[in-house]
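Here are my notes on the model you sent over. Have the structure open while you read, and go through the points in order.

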Amino acid sequence: MKQRIVLLGPPASGKGTQADRLAAKFGIPHVSTGVLLRSECARGTILGQAADSWTRQGLLVPDELAIRIITTWMSEHGTRFIFDGFPRSVAQAEHLDLALSGLAAPLDLLIVLDLTDEEIRRRTSSRLSCLNCGATFSAPLDTLAEGWNCPRCGAALIRRDDDRPEAVEKRLEVYRELTAPVIGYYEQTSPHLLHRVNAGEGSDAVFTAISTLVFLK
Ligand code: ADP
């Protein structure tokens with residue numbers, strides 16, 4: 001079974017949802033840099049205040065900040081993980097490879113969740129997120145509204161600032177410019193680990209495809 005997994009893909013491709021389900025099924029810790037950053041912002045920490053101006057506009061936080069969050073997490077929790085939202089630039093990917101080779105714990109699975117821009121816009125325009133546990137819900141489908149309690153942990157549900165249409169367009173642009181090249185980087189360095197999954201399928205179908213990769217490949 002795979003132990004060090006990276007989920008790559010554009011905004012709203014389901015990285016968080018799938019990582020949560022994998023974590024529950026296989027007992028591998030799920031780490032989302034986006035959730036960690038939003039929780040720092042909500043608590044008003046210095047790191048959160050620094051991150052807020054970037055995340056709110058749909059821009060990436062500086063590499064060193066994202067790298068610091070991840071290396072701190074690994075020093076506290078070890079080297080079994082499902083990363084969602086990291087690495088998000090080639091510099092972050094290079095840094096991660098270096099850190100993991102120093103720990104003799106290389107990545108063993110890279111999954112790209114592919115989704116069309118049209119579907120990304122549709123999903124972000126209707127989703128609600130929990131600031132505490134990071135769960136996301138589709139507002140009309142799940143019959144939930146902003147301010148209601150998260151069905152999973154009870155904290156308030158919000159519409160993320162960066163799910164506003166202007167910020168979504170910016171995130172798509174940033175994804176194409178900075179994050180899509182990470183896929184190219186892994187195609188060069190670790191093509192045998194890289195698998196693409198159509199994230200436009202239903203959540204269950206995507207989960208079945210990914211679980212097979214985690215368990216068998
Ligand atoms: P999504 O995958 O839906 O775009 P995330 O919750 O993963 O959202 O990330 C939200 C925001 O947090 C990003 O738009 C960015 O500002 C910031 N962020 C998250 N991870 C990173 C990272 N690895 N490097 C830089 N910024 C990050």
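1. At what angle do the axes of helix 2 and helix 4 cross? They cross at roughly 100° and come within 11 Å, with axes being lines fitted to C-alpha atoms over the stretch in contact and angles running from 0 to 180 degrees between N-to-C directions. So helix 2 is roughly perpendicular to helix 4 (65 to 115 degrees counts as that). Helix 2 covers residues 33–43 and helix 4 residues 63–77; helices are DSSP runs of H or I, at least four residues, and strands are E runs of at least two, numbered from the N terminus.

2. A word on ground rules. This is a predicted model, where local features need pLDDT of at least 70, side-chain atom pairs need 80 or more, and totals for chains, interfaces and linings use all residues. Residues are numbered from 1 along each chain as its sequence is written, and side-chain values use heavy atoms, leaving out hydrogens and water.

3. Back to that helix pair: Thr33, Leu36 and Leu37 of helix 2 meet Leu65, Ile69 and Ile70 of helix 4 (contact is heavy atoms within 4.5 Å).

4. Now the ligand. There are 20 residues around it, and Lys15, Thr33, Leu59, Gly85 and Arg171 come nearest (a residue counts if a heavy atom lies within 4 Å). Helix 2 gives the most to this shell, with four residues.

5. A ligand nitrogen is 2.9 Å from a side-chain N or O atom of glutamine 92. (The cut-off for a pair of N or O atoms is 3.5 Å).

6. Two backbone spots deserve a look. Phenylalanine 86 and proline 87 are joined by a cis peptide bond, omega about 0°, and proline 87 sits in the loop between strand 3 (81–84) and helix 5 (90–102). Alanine 12, in the loop between strand 1 (4–8) and helix 1 (15–26), has a positive phi near 65°.

Conventions. Polar contact = N/O pair within 3.5 Å; in protein donor to acceptor, adjacent residues only side chain to side chain. Parallel < 35°, antiparallel > 145°, perpendicular 65-115°, else oblique.
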